[in-house]
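Subject: Structure for you to look at

Dear colleague,

I am passing on the structure we spoke about, together with some notes on what was found in it. Please open it beside this email and follow the notes as you read.

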Amino acid sequence: MNTVVDRSIDIGEFIAQPDDDMLICRCEEITKGEIRKAVHDGMWTLTEIRRYLRTGMGLCQGQTCSRLVKGIVARELGVSPAELEPATARSPMRPTEMRIFGTEEV
Amino acid sequence: MKRYEVIIVGAGPAGLSAAIEAAKKGLKVVVFDENDKPGGQLFKQIHKFFGSKEHHAKIRGYKIGEELLKEAGELGVEVVLNATVVGLYPDKEVNVRINDEIHHFKGDTVIIATGASENMVTFPGWTLPGVIGAGAAQTMMNIHGIRPGKKILMLGSGNVGLVVSFQLLQAGCEVVAIVDAAPRIGGYGVHASKVSRTGVPFYLSHTIKQVHGEDCVTGVTITEVDDHFAPIPDTEKFFEVDTVCMAVGLSPMSQLLKMAGCVMEDNPKRGGQVPIVDEYGETSVSGIFAAGDVSGIEEASSAMIEGKMAGVCVAEYLGYIDEEEKDSLLKVFDADLNSLRQGMFAPKNRGKLIESTEEGIEISKNLLKKGYVKDDEIERFPGVVHKSGVHPVIECTQNIPCNPCQDACKKGCISTGKNITYLPFVKDGSECINCGMCVASCSGQAIFLVNEDCGDGSATVTLPYEFFPLPEVGTVGFGLSRKGEKLCEAEVVSVKSVGAFDHTNLLTMKVPKEYAMKARFFKCS
């Protein structure tokens with residue numbers, strides 16, 4: 001798992017593409033170009049991308065975009081998506097308001 | 001903290017089946033589901049299922065859902081709805097949001113049956129309102145009674161794309177095209193054919209270039225792609241549509257298992273991130289099981305068997321049955337699952353080009369490219385025979401594990417031979433009484449009753465008809481070809497709708513006799 005930790009690999013310069021303005025994470029409004037740039041900024045794992053850009057951190061919690069983001073990052077690094085470790089899964093698994101998360105029935 | 005012997009997450013086919021098996025052995029079971037209705041995808045499945053009797057074949061999905069719910073209820077399974085599981089921890093503590101509170105439960109065992117979510121592909125305009133998942137379209141139509149749009153383009157020719165396209169037609173939508181980047185149709189040929197004969201064109205080796213519109217979808221441009229999925233210049237085609245549906249695969253919703261510390265893998269053959277499980281669904285964390293799509297994308301029939309397996313395993317895990325009883329039960333489920341995973345569409349054949357049937361008959365290339373078997377190809381299949389008088393014509397041309405047609409005929413006219421995947425054929429010397437049970441029982445709507453020569457220059461074709469309004473006897477319209485093209489004038493001479501047909505109406509049309517083996521659908525003029 002997570003074989004893409006060798007950060008000495010040269011992935012080249014960021015080269016703009018015509019569809020860079022396409023939205024990928026709809027909830028947080030992050031574009032394909034922003035994700036590709038983030039990889040060139042050194043964000044090589046999905047956890048890093050998520051912290052850097054907030055992809056998959058919005059209302060749908062990555063239900064739609066995590067697979068897309070993974071594909072874009074993998075392509076930028078020149079690896080297969082299966083080689084990237086998915087971002088951490090943690091509670092709450094579904095968007096939950098803080099007032100509810102703090103109201104516990106034990 | 002409330003304790004249960006088994007906590008099941010997800011009240012779909014896998015979860016309910018697991019609950020039933022565990023409850024049968026006396027375990028105290030609770031099922032949590034985040035939706036306000038149980039059944040998972042089953043209640044959206046209005047088509048008849050494939051398989052054999054053990055697999056609920058020829059029963060519509062929602063009926064299977066009702067049966068499972070009833071059985072679970074009778075066994076005392078507690079199904080809690082609007083209950084979102086937000087956390088699962090390695091010691092099998094489960095956090096559930098119910099109303100505006102987080103409740104804590106402890107399970108002696110946990111079965112995760114959370115299913116899958118729909119994949120999306122991106123293209124300019126993919127975020128416009130009107131671009132939706134095929135599953136969403138199905139939910140709108142079959143749960144909420146809302147038509148997703150008037151003119152629709154479907155992306156994806158797998159079974160989901162094909163089945164949902166047919167449902168859209170049933171709901172009164174116009175499906176302008178089914179598009180797939182792959183060079184061949186991914187789903188069952190019979191599903192493609194029933195859509196094709198209504199006149200829906202297929203565009204294989206095509207993808208969406210752009211969806212047009214400012215604040216909603218007004219059209220879509222598709223383009224042909226080469227063997228490497230790169231667009232071929234000057235091959236664009238434009239369609240005026242208000243909705244684009246995507247049926248481009250599913251991803252397991254396995255996050256809870258990852259959170260619980262189960263060893264995961266990214267396995268493209270299983271659809272993405274899945275837990276590593278043994279053959280009966282136990283994960284690397286002792287006492288946590290996975291069943292159904294969450295551990296690998298298949299379909300509802302196999303999910304139900306996987307659920308049963310997990311249910312039996314937790315019963316043994318907690319000492320309610322001994323190993324011997326578990327093994328004998330699992331043996332039966334193993335056989336059921338194995339029989340489902342046969343034929344051309346078996347998981348082991350995924351992505352393979354299969355050029356001939358198990359009987360050695362060449363597969364129709366046109367079926368794989370265009371969605372229908374050509375007139376000069378259909379004759380080579382064993383179910384297509386010529387006889388005097390009314391007789392079944394079975395246009396089943398791919399090996400699928402399915403045999404309701406064989407049981408449907410009380411006269412024993414139809415047989416699939418010794419293997420459930422074999423193509424059905426009409427037995428020599430058998431006598432058809434024109435009852436129509438075979439036509440209604442075929443989940444693929446591939447059986448027709450044909451009288452090739454009525455003696456007056458005409459022929460009759462009886463076809464399965466699942467559309468409203470039902471044409472009345474005497475209605476004159478057109479006989480459509482397998483491709484959905486107008487062939488000839490046709491008159492409705494009989495419409496049968498009886499309980500045993502389970503909502504499949506049998507429409508008999510009279511056509512000139514030269515069209516007896518060509519006309520396969522009726523359209524009002």
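Before the first finding, a definition: two residues are said to be in contact if their C-beta atoms, placed from the backbone, lie within 7 Å. Please also keep in mind that this is a predicted model, which scores ipTM 0.93 and pTM 0.96. For chain B the mean pLDDT is 96, and 100% of the residues in that chain reach 70 or more.

Where the two chains meet

With that definition, 24 residues from chain A and 28 residues from chain B take part in the contact between them. On the side of chain A that touches chain B, at least two residues each come from β1 (23-25), α3 (66-77), α4 (98-101) and β3 (104-105) of chain A. Sorted by class, that side of chain A holds 12 nonpolar residues, five polar ones and seven charged ones.

A sheet in chain B

Chain B contains an open sheet of seven strands, whose order is β20-β23-β24-β27-β26-β25-β28 and whose pairing is antiparallel. The edges are formed by β20 (390-394) and β28 (521-524) of chain B, each of which pairs on one side only. On average, and with direction ignored, neighbouring strands of this sheet are turned by 35 degrees against each other.

Two helices in chain B

Helix α4 (residues 159-170) and helix α5 (residues 189-196) of chain B pack with their axes 9 Å apart, at an angle of about 30 degrees. Because angles under 35 degrees count as roughly parallel, α4(B) is therefore described as roughly parallel to α5(B). The crossing in which α4(B) passes α5(B) is left-handed. To this contact α4(B) brings Asn159(B), Leu162(B), Val163(B), Ser165(B) and Phe166(B), while α5(B) brings His191(B), Ala192(B), Lys194(B) and Val195(B). Divided by class, the residues of the contact between α4(B) and α5(B) are five nonpolar, three polar and one charged.

Technical notes
Residues are numbered from 1 along each chain as its sequence is written. Chains are lettered from A and ligands numbered from 1 in the order in which they are written. This is a predicted model: local features need pLDDT of at least 70, side-chain atom pairs count only at pLDDT 80 or more; totals for chains, interfaces and linings use all residues. Helices (H or I, at least four residues) and strands (E, at least two) are DSSP runs, numbered from the N terminus. Ala, Val, Leu, Ile, Met, Phe, Trp, Tyr, Cys and Pro count as nonpolar, Asp, Glu, Lys and Arg as charged, and the others, Gly among them, as polar. pLDDT is the predictor's confidence in each residue, from 0 to 100. Two strands pair if DSSP finds at least two bridges between them. Axes are lines fitted to C-alpha atoms, for helices over the stretch in contact, and angles run from 0 to 180 degrees between N-to-C directions. Angles under 35 degrees count as roughly parallel, over 145 as roughly antiparallel, 65 to 115 as roughly perpendicular and the rest as oblique. A crossing is left-handed if the near helix is turned anticlockwise from the far one by less than a right angle, and right-handed if clockwise.
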